[in-house]
Amino acid sequence: MRSVRGRGLVLAVTLGSLILAGCVHRKHTPPSRVYYRGPASDHFDGQRFFNPDGESGTGGPRNYHASDFVRIATGRTHKPFWPKVPVQQTVPPRRVEGMAMRVTWIGHATTLLQTQGLNILIDPVWAWRDSPVQLVGPKRVRKPGVRLHDLPPIDLILISHNHYDHLDMRALGYLARRDHPTILTGLGNDRLIAEHHIEAKAGDWGASFPIRPGITVTLTRAHHWSARWIDDMDRALWVGFRIGLPGGDVYYAGDTGPGDMRWATEAKGAAPIRFALLPIAPYHMTGRQTGNHIMPEQAVTAFRQIGAAYALGVHWGTFELGSEPINDPPRRLDETLAANGIAPGRFRTLDAGQGWAIPEL
């Protein structure tokens, strides 16, 4: 009886939060949630962003019904529940100088990259739930591999889009106050972030930002969607990142589905890619194949397309967002690498908190 009442309470809180978030009307956006205004382009219709290859994802947001959102929010997506995973939290070094490069997987997409004396944090999330309210929603099964206050001074934060599993405003605010980092993101997300009294720089696909002499960040195309609430869908742009560095670049695909798979080749550029971060899950959100995330097989295709020397599989095993077993993504990744004759040490997954020294080219 207690579990039934608990599920009822969760459902009530979920529905209440959806109503408060936007009156459950996805086509109407209040002015406060119109994050970007600008000329139409091949991926912006004057109001909302879209994927130029003509798909919003098979089983993606435009095909979801209200009941699908409720099932995702309450964790009832026709799947076994994941077990909690023990995590040995670590403390990264304060700096990594010169051509040395160290990556630490903190969990999900959140990753710390250290090289050239620069500390770069990707998609910072320390929240316990992937949700606008911390009473309901997919809950962590892994603690963050690094405690927030144990992070070294952060110089640069890259935010791929505004979904709650990629943008934790509380963690971002803490780091903004403590370290005053440069924050880069896609169009519209800067206004959303500014509502929390945090300054960010935003750009379109292809925009470049100089960071230091010899270090530049370029925003790249991803195949995805965006929403912070139920009434601001696709009002801000989703992006990947290419970091131009001495000794070889770093590429983060962002949260991306396969689409036409040209986003990978478009990001390749002239300089070699020393290291890539590629998502490998989830595969299904509500029982259907999702077009909004790539699978391990597609991640390996992207790895080969960009010609990266090394890669890390991210976006798995932290929040139970899909129906796959918790360890299925790394298993399928290893099988795909073997089938393609790629040494497993070139494209790895890590435990939360584990560091990896990326070899030089």
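**Close-up views of a predicted model**

**View 1. Pairing of strands β1 and β14.** In this predicted model, V103 has W356 in β14 as its bridge partner. Strand β1 covers residues 101–107 and pairs with β14 in the antiparallel sense, over 3 bridges.

**View 2. The open sheet.** The sheet has 7 strands, in the order β6-β5-β4-β3-β2-β1-β14, and its pairing is mixed. Its edge strands, each pairing on one side only, are β6 (201–203) and β14 (355–357). Direction ignored, neighbouring strands are turned by 20° against each other on average. Strands of a sheet pair through backbone hydrogen bonds, either parallel or antiparallel.

**View 3. Salt bridge between R221 and E266.** The closest N and O atoms of R221 and E266 are 3.0 Å apart. This pair links distant parts of the chain: R221 lies in strand β8 (residues 215–221) and E266 in helix α5 (residues 262–266), 45 residues apart. R221 is buried, at 8% relative accessibility.

**View 4. Salt bridge between D150 and R147.** The two side chains meet with an N to O distance of 2.9 Å. D150 is buried, with a relative accessible area of 17%, whereas R147 is partly exposed at 36% relative accessibility.

View 5. R332 forms a salt bridge with D328, with 3.9 Å between the closest N and O atoms. Because R332 and D328 are 4 residues apart in helix α7 (residues 328–339), about one helical turn separates them. R332 is buried, with a relative accessible area of 18%, and D328 is also buried, at 11% relative accessibility. A network of salt bridges links E297, D328, R331, R332 and E335. The model has 13 salt bridges.

Technical notes. Residues numbered from 1 in each chain as written. Predicted model: local features only at pLDDT ≥ 70, side-chain atom pairs only at ≥ 80, totals over all residues. Heavy atoms only, no water. Pairing = 2+ DSSP bridges. Helix = DSSP H or I, 4+ residues; strand = E, 2+ residues; numbered from the N terminus. Axes fitted to C-alpha atoms, helices over the stretch in contact; angles between N-to-C directions. Salt bridge = Lys/Arg side-chain N within 4 Å of Asp/Glu carboxyl O. Buried < 20%, exposed > 50% of the residue type's maximum accessible area, 1.4 Å probe, protein only.
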